[in-house]
Amino acid sequence: MRAEWGLVLEKVVNHHDHNALLELFELLLTEDERSAIAGRLKVFQALLKGEMSQRQIACEFQISIATITRCSNYLKHMSAEQREKIKHLILE
């Protein structure tokens, strides 16, 4: 059975109740997975702000340099337009 990411997104977007979303994510994701996603969001936010070095980000958020490097490389391969869209989504 192939997982359909679109179905997951549809379920998330259609929930407007904060508590229901928490319950949904607790059902779908382990604590480690939720923590990894939250950490990755922090890394992307910090990288897009450009105020901290990768080492500072690693120390501040206790995230591995490898994760930060992967996120950084992902941003480097985006077009300027894509980066702006991402900035709008996660910084505002």
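How many salt bridges does the count come to? The answer is three. They come from a predicted model. Let us take them in turn.

Begin in helix 3, which covers residues 31-49. Here the side chains of Arg-34 and Glu-31 form a salt bridge, with N and O 2.7 Å apart. Three residues separate Arg-34 and Glu-31, about one turn of the helix. How accessible are the two partners? Glu-31 has 52% relative accessibility, so Glu-31 counts as exposed. Arg-34 has 23%, so Arg-34 counts as partly exposed.

Now move on to helix 6, residues 80-91. Lys-85 pairs with Glu-81 in a salt bridge. Their closest N and O atoms are 4.0 Å apart. Lys-85 and Glu-81 are about one helical turn apart, because four residues separate them in this helix. Is Lys-85 buried or exposed? Its relative accessibility is 51%, so Lys-85 counts as exposed. Glu-81 is exposed too, with a relative accessible area of 57%. The cut-off for exposed is over 50%.

Stay in helix 6 for another pair. The side chains of Glu-84 and Lys-87 meet in a salt bridge, at 3.7 Å from N to O. Both residues lie in helix 6, three residues apart, which is about one turn. Glu-84 reaches 48% relative accessibility, so Glu-84 counts as partly exposed. Lys-87 stands at 29%, and Lys-87 is therefore partly exposed as well.

Terms used: Residues are numbered from 1 along each chain as its sequence is written. This is a predicted model: local features need pLDDT of at least 70, side-chain atom pairs count only at pLDDT 80 or more; totals for chains, interfaces and linings use all residues. Side-chain values use heavy atoms; hydrogens and water are left out. Helices (H or I, at least four residues) and strands (E, at least two) are DSSP runs, numbered from the N terminus. Buried means under 20% relative accessible area, exposed over 50%, partly exposed in between (1.4 Å probe, protein chains only).
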